[in-house]
Protein chains: 2
Amino acid sequence: MHAVTAIHPAAAAAKFAVTCSSCNLRELCLPAGLSADELERVENVVYARRRVARGESVFKAGSEFNAIYAVRSGFFKTSLIDGDGREQVTGFFMGGELLGMDGIDGSYHGTAIALEDSEVCIMPYALIEEMSRDIPALQRRLYAVLAREIARDHGVMMLLGSMRAEERLATFLLNLSRRFVRRGYSATEFHLRMTREEIGSYLGLKLETVSRLFSAFQKDGLIEVQQKYVRIRDIAGVERVLAARH
Amino acid sequence: MHAVTAIHPAAAAAKFAVTCSSCNLRELCLPAGLSADELERVENVVYARRRVARGESVFKAGSEFNAIYAVRSGFFKTSLIDGDGREQVTGFFMGGELLGMDGIDGSYHGTAIALEDSEVCIMPYALIEEMSRDIPALQRRLYAVLAREIARDHGVMMLLGSMRAEERLATFLLNLSRRFVRRGYSATEFHLRMTREEIGSYLGLKLETVSRLFSAFQKDGLIEVQQKYVRIRDIAGVERVLAARH
DNA sequence: CGCAGGGTTGAGCGCTCTCAATATAAGTGG
DNA sequence: CCACTTATATTGAGAGCGCTCAACCCTGCG
């Protein structure tokens with residue numbers, strides 16, 4: 001069992017600064033408007049961290065659901081394997097984002113795999129659930145996080161259902177850029193953690209098509225690309241790829 | 001405000017039978033293992049119904065979130081409209097299914113439109129949220145419903161990302177069939193409520209392609225189709241379209 | 001009856017895939 | 001440190017699936 005012991009408020013705040021904030025639990029904690037006391041309790045939820053080596057899984061599709069994971073550092077993909085062994089990448093996740101929420105109804109629906117050596121915070125669901133009953137702000141937050149995941153998926157459905165290949169890649173690059181920025185990294189220069197094949201799976205394209213598009217974007221002066229290194233030279237230009245629909 | 005007045009248990013059960021069960025709230029109520037007393041409270045959440053005429057919307061993208069809706073009768077589509085006015089259908093919903101959960105973080109993300117004269121049960125979110133704190137089973141249920149929506153969307157992502165046109169249509173038909181059966185309708189014979197264009201949008205295909213595929217399935221003896229009427233003549237054959245991946 | 005919305009079908013094009021060869025990186029073990 | 005292996009990327013040529021454009025048909029309804 002997990003014991004919630006009394007901690008001095010200042011100590012709680014300090015501990016939060018170490019554990020929750022450095023776990024980058026922004027999705028769950030930051031905008032929730034929790035009191036210091038509530039923060040302490042939430043912070044206690046993160047009762048363990050776990051290193052996940054590149055290529056290892058955090059959880060596998062079908063295995064029993066018992067925790068949500070917050071990415072503390074590193075980079076992950078989530079994917080489904082279909083009956084014929086075909087993989088569909090359903091998302092990429094970086095620091096501060098949550099993994100495993102699709103498992104709340106019993107077992108994980110997909111598999112989460114680290115694309116580089118990473119670390120996650122383990123948040124046992126039983127504790128979260130219990131606590132969310134006492135802390136309305138946390139409950140609202142949890143629902144909101146789930147709802148936002150649905151909204152994100154709908155965005156991907158729109159991408160897959162109605163965009164042409166170059167629009168998909170442009171959307172992908174802009175999305176990555178925005179997320180890197182929010183984490184204090186460069187908006188225009190980054191290393192891709194995933195392979196062309198994984199990008200292709202996510203975007204509903206073949207890896208050769210992805211590769212060709214990178215080359216085409218480079219030829220058009222939109223980006224500079226060399227294997228996994230990408231520099232966006234003309235963000236407005238990349239955005240224009242989306243604007244010029246049809 | 002909504003007043004929870006004391007009701008005799010038997011009366012509560014009767015009222016539940018009328019309101020909740022006939023609202024087909026199976027997603028939320030049925031497998032939750034609620035006590036009679038809890039059922040009464042949940043049933044009180046459905047404080048109003050609303051008729052939605054064909055073509056009308058239940059809620060619109062961007063409007064303020066205040067309720068989840070359960071389909072009582074009829075048929076709905078949800079869709080996103082992108083900047084250029086392009087529509088992406090994100091789902092079809094029939095009796096007993098829930099609409100509007102993607103709005104929990106403030107405002108509805110998509111628009112829900114009735115494809116035939118329909119009726120929904122209005123479940124004010126403030127009440128649900130409050131109640132889910134008192135009734136753990138309901139809370140778990142709500143999370144599960146949200147999680148299942150995410151899983152559903154991942155399934156659609158797989159469909160859009162990795163299936164060929166005929167596989168998509170086969171998947172669509174089998175999914176509809178399964179859902180009709182669960183509601184006591186025929187598994188093999190039904191009227192489509194949506195247009196070819198809406199099916200196409202959902203499946204990431206053009207309406208002409210959808211039409212051609214229906215014709216092709218008919219020629220192969222898999223189905224019989226005449227405008228919106230569909231009869232599946234060879235379910236195993238339709239399933240084989242999926243099995244024979246490339 | 002005429003109109004409008006939805007559905008079907010055809011012809012041809014083009015985007016993306018398939019197949020294949022080559023190039024580049026990143027390990028691995030001697 | 002260097003050959004060797006393996007994973008990942010790039011690029012080309014050609015094919016085919018699904019799209020575009022267009023004509024026609026069906027059905028319901030005022």
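Analyst: What follows is a discussion of a predicted model.

User: What does the secondary structure of chain A come to?

Analyst: Chain A has eight helices and 11 strands. Of its 246 residues, 43% are buried. Among the contacts in chain A with a separation of 6 or more, 71% are between residues 24 or more positions apart.

User: Which domains does the assignment give for chain A?

Analyst: The domain assignment gives domain 1 as 9-157 and domain 2 as 163-243 in chain A. In the contact between them, domain 1 of chain A supplies 10 residues and domain 2 of chain A supplies seven residues.

User: Which strands supply the domain 1 side of that contact?

Analyst: Strand E4 (75-81) and strand E5 (87-94) of chain A each give at least two residues to the side of domain 1 that touches domain 2. The largest share, five residues, is that of E5(A). By class, this side of domain 1 of chain A has five nonpolar, two polar and three charged residues.

User: Turning to the sheets, what is the order of strands in the open sheet of four strands?

Analyst: The order is E1-E8-E3-E6 in chain A, and the pairing is antiparallel.

User: Why is one side of E1 and of E6 left without a neighbour?

Analyst: Strand E1 (48-52) and strand E6 (98-99) of chain A are at the edges and have a single partner strand each, so one side of each has no neighbour in the sheet.

User: How many bridges pair E3 with E6?

Analyst: Strand E3 (residues 67-73) of chain A pairs with E6(A) over two bridges, in the antiparallel sense. Within this pair, Tyr69(A) has Leu99(A) of E6(A) as its bridge partner.

User: What lies across E3 and E8?

Analyst: Helix H3 (residues 125-134) of chain A lies across E3 and strand E8 (118-124) of chain A. The angle between H3 and E8(A) is about 55 degrees.

User: Which strands does E7 join?

Analyst: Strand E2 (residues 57-59) of chain A is joined to strand E7 (residues 111-114) of chain A by two bridges, and the two run antiparallel. In that pairing, Ser57(A) stands opposite Ile113(A). E4(A) is also joined to E7(A), by four bridges and again antiparallel. There, Phe76(A) has Ala114(A) as its bridge partner.

User: On to the other protein chain: how many residues does each of chain A and chain B give to their contact?

Analyst: Chain A gives 36 residues and chain B gives 36 residues. On the chain A side, E5, H3 and helix H4 (136-162) each supply at least two residues. The largest share of the side of chain A that touches chain B, 18 residues, comes from H4(A). That side of chain A divides into 13 nonpolar, 11 polar and 12 charged residues.

Notes. Residues numbered from 1 in each chain as written. Chains lettered and ligands numbered in written order. Predicted model: local features only at pLDDT ≥ 70, side-chain atom pairs only at ≥ 80, totals over all residues. Domains from an automatic or database assignment. Contact = placed C-beta atoms within 7 Å. Nonpolar A, V, L, I, M, F, W, Y, C, P; charged D, E, K, R; others polar. Pairing = 2+ DSSP bridges. Axes fitted to C-alpha atoms, helices over the stretch in contact; angles between N-to-C directions. Buried ≥ 20, exposed ≤ 12 C-beta atoms within 10 Å, placed from the backbone.
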